[in-house]
Amino acid sequence: MDIYEIVKKRRSVRSYKPEPVEDEKLRRILEAALSAPSAANRQPVYFVVIKEEKIKHQLKNAYNAVWFYTAPIIICVCSIPEKGWKRGDGKNYADIDATIAMDHLILAATAEGLATCWVAAFKVPDVKSVLNLPQGIEPVALTPLGYPLDHPAPTYRKPLEEFAHII
Ligand SMILES: Cc1cc2nc3c(=O)[nH]c(=O)nc-3n(C[C@H](O)[C@H](O)[C@H](O)COP(=O)(O)O)c2cc1C
């Protein structure tokens, strides 16, 4: 699959097969995330890969959707704001760097035939406490990772003319 096929194939998948993800695939997609660019190459990004059923169960307070726990793996991407590059006006790019790394991971997962779903609607204090995140490490997004049970239809996108302006 080339990059255009991968971006077209990716969907937010909300049902997963219970079969495990191969370790080599997991490693490859984490390496893809590590290849992501970051502002001033500060790499203020940290991933937590959750396979343990006990920890997944504890996360239910943080994000209570039944489908989320059908996947064999849950991944949390975090930013480390104190390591992030700051623009002259003070804007910290750590969350953006974490988001780029997560997007690399998600596209690599798609290329491997795996599925994901960005999740941001979680309770931050619960995720921090269940994952035992040290102070200064901020969870930015979660995703399940596993083999999809179905392939949802594409969702609506606004017309390109509304999205991009070529001058
Ligand atoms: C930053 C971000 C946060 C999201 N948070 C959630 C979420 O908390 N729960 C959920 O079910 N989907 C979440 N989504 C998935 C979006 O609903 C989905 O990407 C959008 O509807 C487009 O569908 P598609 O991903 O299949 O193209 C999130 C997506 C993004 C990019």
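Predicted model: local features only at pLDDT ≥ 70, side-chain atom pairs only at ≥ 80, totals over all residues.
**Ligand site**

I started with the ligand and listed what surrounds it. There are 13 residues around the ligand, and Arg10, Ser12, Arg14, Trp118 and Arg157 come nearest. Sorted by class, that shell holds seven nonpolar, two polar and four charged residues.

Next I looked up the polar atoms. Which ligand atom does the side chain of Ser12 face? A polar side-chain atom of Ser12 sits 2.5 Å from an oxygen atom of the ligand. With Trp118 the backbone does the work: one of its N or O atoms is 3.0 Å from a ligand nitrogen atom. Ala120 also uses a polar backbone atom, 3.1 Å from a nitrogen atom of the ligand. I then checked how much of the ligand is covered. On its own the ligand exposes 620 Å², and the protein buries 62% of that.

**Nonpolar cores**

The largest nonpolar core has 26 residues. Leu59, Tyr63, Trp67, Phe68, Val119, Val127 and Leu131 are the ones with the most contacts inside this core. Which elements give two or more residues to it? My list reads strand E1 (45–50), strand E2 (73–79) and helix H5 (124–131).

Leaving out neighbours within four places in sequence, Leu131 is in contact with Val48, Ile50, Ile55 and Cys76. Apart from this core lies another one, of 18 residues, and its members include Ile29, Ile73, Ile75 and Met102.

**The loop between H2 and E1**

Here I went through backbone angles. Ala40 shows a positive phi of about 55°, though it is no glycine. Ala40 belongs to the loop between helix H2 (23–34) and E1. Is Ala40 buried or exposed? It counts as exposed, because its relative accessible area of 54% is over the 50% cut-off.

Asn41 turned up too: its phi is positive, about 55°, and it is not a glycine either. I place Asn41 in the loop between H2 and E1.

**Ser15**

My last stop was Ser15, in the loop between helix H1 (3–9) and H2. Ser15 counts as buried, since its relative accessibility of 18% falls under the 20% limit. What does its side chain pair with? I found a polar contact at 3.2 Å between the side chains of Ser15 and Asp150. Setting aside residues up to four places away in sequence, Ser15 touches Thr70, Tyr147, Pro148, Leu149 and Asp150.

Key
Residues numbered from 1 in each chain as written. Heavy atoms only, no water. Near = heavy atom within 4 Å. Polar contact = N/O pair within 3.5 Å; in protein donor to acceptor, adjacent residues only side chain to side chain. Areas by Shrake-Rupley, 256 points an atom, 1.4 Å probe, with all protein chains shown as cover. Nonpolar A, V, L, I, M, F, W, Y, C, P; charged D, E, K, R; others polar. Core = buried A, V, L, I, M, F, W, Y, C linked by side-chain atoms within 4.5 Å. Buried < 20%, exposed > 50% of the residue type's maximum accessible area, 1.4 Å probe, protein only. Helix = DSSP H or I, 4+ residues; strand = E, 2+ residues; numbered from the N terminus. Contact = heavy atoms within 4.5 Å.
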